[in-house]
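I opened my notebook to go through this one piece by piece. Here is what I looked up, in the order I looked.

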Amino acid sequence: MRGTATEIATRSGLPNGSVYVTLRALVARGRVARAGTTRGAEYSLVSSGGIRPFKRVKAAKPTSPAEMERTADAELAE
């Protein structure tokens, strides 16, 4: 399957900017190929091994200022 970044954004419901950033990272990792065509740049999956569908998950919101500090510290530690 091949498609332009705009087509991928439309089908996935994600913003164009997010799709471009993701495609750039996948091309750099060799998971997606980029080819110039008369329609512009088209992208195609090189290997589907290990790629899982994206699942949107809502992050839990901290309930207190102290919990917000712990959350920020945990993110910095990662």
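**Entry 1: ground rules.** I call a residue buried under 20% relative accessible area, exposed over 50%, and partly exposed in between, using a 1.4 Å probe and protein chains only. The model is predicted, so I kept to local features with pLDDT of at least 70 and to side-chain atom pairs at pLDDT 80 or more, while totals for chains, interfaces and linings use all residues. Residues are numbered from 1 along each chain as its sequence is written, and side-chain values use heavy atoms, with hydrogens and water left out. Helices (H or I, at least four residues) and strands (E, at least two) are DSSP runs, numbered from the N terminus.

**Entry 2: the strands.** I count two strands as paired if DSSP finds at least two bridges between them. Strand 2 (residues 32-37) runs antiparallel to strand 3, with 6 bridges joining them. The two form a hairpin with 2 residues between them, and Ala35 stands opposite Glu42. Strand 1 (residues 2-3) is also antiparallel to strand 3, through 2 bridges, and here Arg2 stands opposite Ser44.

**Entry 3: Ser44.** Is Ser44 buried or exposed? I find Ser44 buried, because its relative accessible area is 18%. For contacts I take heavy atoms within 4.5 Å. Not counting residues up to four places away in sequence, Ser44 touches Met1, Arg2, Arg31, Val32 and Ala33.

**Entry 4: salt bridges.** My rule is a side-chain nitrogen of Lys or Arg within 4 Å of a carboxyl oxygen of Asp or Glu. By this rule I get 3 salt bridges. Arg2 and Glu42 meet in one of them, at 3.0 Å from N to O. Arg2 lies in strand 1 and Glu42 in strand 3, so this pair ties together parts that are 40 residues apart in sequence. Glu42 is buried at 10% relative accessibility, whereas Arg2 is partly exposed at 48%.

Arg39 forms a salt bridge with Glu7, and the closest N and O atoms are 2.9 Å apart. That pair links distant parts of the chain, with Arg39 in the loop between strand 2 and strand 3 and Glu7 in helix 1, 32 residues apart. Both are partly exposed: Arg39 has a relative accessible area of 48%, and Glu7 has 31%.

Glu42 also forms a salt bridge with Arg39, the closest N and O atoms being 2.6 Å apart. Which residues end up in one network through shared partners? I noted Arg2, Glu7, Arg39 and Glu42.

**Entry 5: the core.** I define a nonpolar core as a set of buried Ala, Val, Leu, Ile, Met, Phe, Trp, Tyr and Cys residues joined through side-chain atoms within 4.5 Å. The largest has 6 residues: Ala5, Ala9, Val19, Leu23, Val32 and Tyr43. Helix 1 (5-12) and helix 2 are the elements that give two or more residues to this core. Leaving out residues up to four places away in sequence, Tyr43 touches a list of residues including Ala5, Ile8, Leu23, Val27 and Val32.

**Entry 6: past helix 2 and past strand 3.** Just after helix 2, Gly30 takes a positive phi of about 80°. Val46 sits in the loop between strand 3 (40-45) and helix 3 (65-77). Neighbours within four places aside, Val46 is in contact with Gly30, Arg31, Val32 and Ala33. Val46 and Val32 are 5.0 Å apart, C-alpha to C-alpha, and 14 residues apart in sequence.
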